[in-house]
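Student: I have a new structure to read. Where do I begin?
Tutor: Take one feature at a time, general idea before the case.

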Amino acid sequence: METITKTSHGRTLRTEEMVINMGPQHPSTHGVLRLELVVDGEIVIDVIPHIGYLHRCFEKHSEQMTNYQQVIPYVDRMDYVASMNSELSFAIAAEKLLKIQIPERVDYIRVIMCELQRIASHLIAIGTYGIDIGAFTPFLFCFRDRERILDLFEMTCGARLLYNYIWIGGLSHDLPQQFIPTLKEFIVDFRKNIKELNDLLSFNHIFIKRTANIGVLPADVAINYGCSGPMLRGSGVKWDLRKDEPYSVYNKFDFEVCVGKGEVGTLGDCWDRYIVRVDEMEQSLRIIEQAIQTLPEGNVQSAVPKRIRPNPGEAYARAESPRGELGFYIMSDGTGTPYRIKARSPAFVNLSIISEISRGCMIADLCAITGSVDIVLGEVDR
Amino acid sequence: MNAITEYFGNITQSLKTISIGMGVTFKHLFTPAVTIQYPTVKMKLPERSRNRLYVNMDDCIGCDQCSKACPVNCIEIEIIKSTPEDDLGITSSGQKKKLHVPVFNIDIAKCCYCGLCVYPCPTECIYMTNVYEFSEFDRNNLIYNFAKMTPAEIETAQIKVKKMDEETAAKKVAAALVAAQAKAALDATTQTSTPQQPTEPQ
Amino acid sequence: MTFQEITENLKQKFGTAIVEVKETVQPDPYIIVDPNSLKEISKYLRDEEILTFDFLNCLSGLDLKGKLAVVYHISSMKHKHSFVLRVEVPTDAPTVPSIESIWKSANWHEREAFDMYGIIFSDHPDLRRILMPYDWEGHPLRKDYQVPEFYNGMKVTY
Amino acid sequence: MIDWILTQFPDSILGYIIICAVPLLFILPYALVTIYLEMKMSAHMQDRVAYMRTGWHGTLQPFADILKLLQKEDIIPTAADKFLFILAPYIVFIGTYATFAVLPFTSSYIGSDLDLGLFYLVAVSSLVVVGILMSGWASNNKWSLFGALRSAAQIVSYEIPTALVLLSIVMIAGTMNMQQLSQLQSGGISDWYIFGGPFPIVKKLLLLPLMFILFLVQLTASMAEVNRTPFDIPEAESELVQGYNTEYSGMKFAIFYLAEYANLFAVSAITVVAFFGGWGSPFGSFMSGGVWDLFWFVLKGMFFVSINIWLRWTLPRLRVDQLMYVSWKVLTPFALVCMILIGYILVAF
């Protein structure tokens, strides 16, 4: 596109839009996302996302497995900052297909783990968002706290990132003895740290000015584009699968669904999406506190099937991952090998809105918008 | 008027929040660090930590369960049948071993540390240790060979099996051929690379 | 609304466009609809007050050996019910109308189904490959797919 | 001191060359110390420990860094404009280095005792823009070009509040000579311009709030001039991936780095001379003269360098248009109003 502009002294000046590649190697695309930008100076006119640089053939791999259980390590690697939630979604889908009832203790431990994982994932989202905006220190504060959550996970299942902990019908290990005391300590410390984080970043005026009124996503557009999780709640839609379609034992806990209120700018801007994540961490702590108080006794492996061979059929199950609705569509043909597994990854769907909400913003705003969508490329590309 | 209050509000807000932020960072200037000086200081690993795989070959009965459970196919096992007069010993759990295991390779570069191979093992001879520092310059060095049989032993075992097969029935000729092929394959691998013999960690 | 109620509603409205009702499939029953009237049905599902399926959860391609299928998982935030649609097309002429204009989230999902199964979504605004490289040959999730030996002169090892 | 050097080498250019090299004696060790200081401060703010292995608490790490940069391959992109690409870092450094000519390190040493000292400072520090634009253009990289253009816009607009602040100081002091400016404030802490300057008490109290505002304006503008967070948009590692110095490596990058740190001290020194009494001791004649002067000057300078570092690791980054907003709609009007009020106070009292 070329436009001819007449300058004040009558000469014609030809201006041309510039096409510039942001990524696949760029610090604020959070991985290997490539955004093809059409820019007019600092103003972004169009954004064309190109994904697939981290495609690891999750669905193809799943069809080659001899056992449903073997899919779980692959599911871990989809959303590598929130593996527990991915495992839970897959386990729920497989259990729905197999029609197995799981012991209550398993459900409680799953909830504790997933909420811890949600905090860990939101910490990464918040920390890296700080970096996108240019504040480096909150990032390391967030990672400091996340390390303690990972320590808890390592204590429980032996791995820090890719757990293979939630199995179909059960868990790989019961909680170790020191788990609950360590967790209680963490909760006390973490409450203070959230306040500190708010002082340092959330309510910093520069941060607010950088994120308020940027990347405004109206609620109806968000729903039509299939956005979920903090993206949707940031736009003021009170929709959380944990509350609205309770899976596992979430209906037994008392917590609030955090929504954006447009406190510092328009409803549905980057700051709203950000603050929803900060508030959700507090709600997760509440759920964990209730869960450890009422944790029932039981055997965590009693319902694990010896051979996983579902009847022919298909199931779609969804759960609320830190990024939104993570669903698995599993189709079985009666053998031990899944016939088809499709992952509905929230980051993939949320990312598709990026060109819609970032037209007309500046390059620096684009970093803010990409950060507020909170994508994990492992999940986008699978 | 509104614009003016907003203008001065912005300025005071900025100065206020900046000083709050500076207070937070200043406080942290004097809080002790949370990082440790790896590798001189190491974190204590929890009991359940999953790191490098180890196989206790004395207990392995060559059942191939771990290899089947592996989602990334990083375990390679070959077996040779034993003759009735062979005494292969018993495992620590008292089970009688019936198969020679001439090849037990784990490609630790492919391993995804999921631990799925550990659970099905009937004799609990494959397990994850707490060794996590084993980087190598050559990827081939990451293929660990756990089998203890020497080439001579393998050959005698194969000859014995062959003999037994010839003696017993003609239908077992096919099985002997498989073993011969296995030997050829093994020769080929030993020529190209000499996988190291890992030791059990302390 | 339950699956039966929604199916009845659709049957009354569209009649023969509902090819088959797979009520016995467990745990998620679905209906197979005629590709030609998919768009109308989707529009009706979204706009009808008592249905209000405002959210397209998932759109998946399927290879049923001989025919290809597209599965639509839709749900309603208002009424909190969900439903499964499916269209089936022959493998040699896999054309399905795009529902991108009804649920925008279908855009990338349809691109993915095109990429993986080669299902052509007619009047899709931007039907390109999405996960595989733009110059990749073949559609990897088809059951008869052969992994190529070389890609742009590079050996494909795994 | 200058005269002494010149008498050692009569009628020779060598004397002048030696004089030119004197600030280097300060800049090089200063840069090493500041790199170390920045790393340690940032690390402790983030609950880390930073360098611990090279030497005691990693004190030798800056040397190792320099050694590494010296050894690194000097890459010049094929499509780059070679001549400009090589020239740019030196121009940036010259622009910064030239400011050191008029910094009064002690009461007896100043590189060039110009009567137009402050004017020269403002003029010569703009030379940096030329170098940065050059590097951005010559790199033949779109992101670098963005960085260069942002930088040019930023430095040019922040010159104005700086100039207005310095103009107010000149109005109060009646001189542009840096040495005389320091001399005027040498009577201890109460004579510093930040506390109203060496005036009768009424005038002092009237000037005090204005001087405080001017000081804040100067501090903000100086941060912007050295391209540091929250004003580091030309480098903006998360947006432009280091902006104009993306394509530089090895020694050329080191020179950019050195220039940045040298500039940091230069702008801090300007603040010190303008508001905090230059080399003057806070206790009047006590602990002053000779080496004490140098001590106080460097100490005050390093204090402002530390404040810069502290802010950098606390704050997020502004956006381009907000940066311009801060300069044109906040700093400039405030400086202008203060200047007018100061003029009125000076005339009326």
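Tutor: Begin with a definition. A polar contact is a pair of N or O atoms within 3.5 Å; within protein, one must be able to donate a hydrogen and the other to accept it. Keep in mind that this is a predicted model.

Student: How many residue pairs are in polar contact between chain B and chain D?
Tutor: The count is eight, with both residues at pLDDT 80 or more. Salt bridges across this interface number zero by the rule.

Student: What classes of residue does chain B turn toward chain D?
Tutor: The side of chain B that touches chain D has 12 nonpolar residues, eight polar ones and no charged ones.

Student: How is the size of an interface given?
Tutor: Often as the accessible area lost when the parts come together. Here chain B and chain D bury about 1,600 Å² between them. Carbon and sulfur atoms hold 65% of that. B:Tyr7, B:Met22 and B:Leu29 supply 32% of the area that chain B buries against chain D, more than any other three residues. In residue terms, 20 residues of chain B contact 18 of chain D.

Student: Now a single chain. Which pattern does chain C follow along the sequence?
Tutor: The pattern is α-β-β-α-β-β-β-β-α-β-β-β. That is three helices and nine strands.

Student: What share of chain C is buried?
Tutor: Buried means under 20% relative accessible area. By that cut-off, 56% of the 158 residues of chain C count as buried. The accessible surface of chain C is about 7,100 Å², with 51% on carbon and sulfur atoms.

Definitions and conventions. Residues are numbered from 1 along each chain as its sequence is written. Chains are lettered from A and ligands numbered from 1 in the order in which they are written. This is a predicted model: local features need pLDDT of at least 70, side-chain atom pairs count only at pLDDT 80 or more; totals for chains, interfaces and linings use all residues. Side-chain values use heavy atoms; hydrogens and water are left out. Contact means heavy atoms within 4.5 Å. Buried area is the accessible area (1.4 Å probe) that two parts lose on being put together, summed over both. A salt bridge is a side-chain nitrogen of Lys or Arg within 4 Å of a carboxyl oxygen of Asp or Glu. A polar contact is a pair of N or O atoms within 3.5 Å; within protein, one must be able to donate a hydrogen and the other to accept it, and residues adjacent in sequence count only if both atoms are side-chain atoms. Ala, Val, Leu, Ile, Met, Phe, Trp, Tyr, Cys and Pro count as nonpolar, Asp, Glu, Lys and Arg as charged, and the others, Gly among them, as polar. Helices (H or I, at least four residues) and strands (E, at least two) are DSSP runs, numbered from the N terminus. Buried means under 20% relative accessible area, exposed over 50%, partly exposed in between (1.4 Å probe, protein chains only). Accessible areas come from the Shrake-Rupley method with a 1.4 Å probe; for residues, only the protein chains shown count as cover.
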